[in-house]
Amino acid sequence: MTDRGPGDRGPERQRLRRLAQAALNADNTVEQAESVLSDMGAVLERMNTTFGDFDGTLEHFGKTLTEMDASIAMVNSTGERLLGIVEQMEQIAVRVERLVTIAETLLAPVGATESAIRGLATSLRSRLP
């Protein structure tokens, strides 16, 4: 058997060396994948918590919208009632205007009579010594 030098390695040995290097590379890749998956698990847990909080927020928002809808309905009904009151006030104002017109018409002769009596009283005073 002849002694082979360090540069004279057989193809089997080269093959084993490549396989060993590939196994080391695969082991490093598996470690990196495990690290990524572990980090991903933590991220997914935080995302799950965040989505749970978001669901709660959306539920609260839905309740708020329901309450706002009820409030708007109350404002609408109040507005309708106010319109009814305004219409009644307008009708009352029209009636008062009619009464004032009638009173003015009825009091016109009284005013004329009063003016005539004052004129007569003034003329009588002027004739009296």
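Colleague: How many positive and negative side chains does the protein have, and how far apart do the centres of the two sets lie?

Modeller: Lys and Arg count as positive, Asp and Glu as negative, with His and the chain ends left out; each charge is placed at NZ of Lys, CZ of Arg, CG of Asp or CD of Glu. Here you get 14 positive and 19 negative side chains, with 6 Å between the two centres. Keep in mind that this is a predicted model, where local features need pLDDT of at least 70, side-chain atom pairs need pLDDT 80 or more, and totals for chains, interfaces and linings use all residues. Residues are numbered from 1 along each chain as its sequence is written, and side-chain values use heavy atoms, without hydrogens or water.

Colleague: Okay, what about the fold: how many helices and strands are there?

Modeller: Helices (DSSP H or I, at least four residues) and strands (E, at least two) are numbered from the N terminus. This protein has one helix and zero strands; helix α1 covers residues 11-127.

Colleague: What radius of gyration does the protein have, against that of a compact globule?

Modeller: Take it over C-alpha atoms, with the globule rule being 2.2 Å times the number of residues to the power 0.38. For 129 residues, a compact globule would come out near 14 Å, but this protein has 53 Å. Its C-alpha atoms fill a box of roughly 175 × 30 × 20 Å along the principal axes.

Colleague: Which residues form a nonpolar patch on the surface?

Modeller: Patch members have over 30% relative accessible area and no salt bridge; nonpolar side chains are joined within 5 Å, like charges within 9 Å. Among the members here are V36, M47, F61 and M68, and the whole patch has about 1200 Å² of accessible area. M47 counts as partly exposed because its relative accessibility is 39%.

Colleague: Where are the salt bridges?

Modeller: You need a Lys or Arg side-chain nitrogen within 4 Å of an Asp or Glu carboxyl oxygen. There are two. E59 meets K63 at 3.7 Å, N to O, the two being four residues apart in helix α1, about one turn. E114 pairs with R118 at 2.6 Å; being four residues apart in helix α1, they are also separated by about one helical turn. E59 is exposed at 51% and R118 at 56%, while E114 is partly exposed at 39%.

Technical notes:
Accessible areas come from the Shrake-Rupley method with a 1.4 Å probe; for residues, only the protein chains shown count as cover. Buried means under 20% relative accessible area, exposed over 50%, partly exposed in between (1.4 Å probe, protein chains only).
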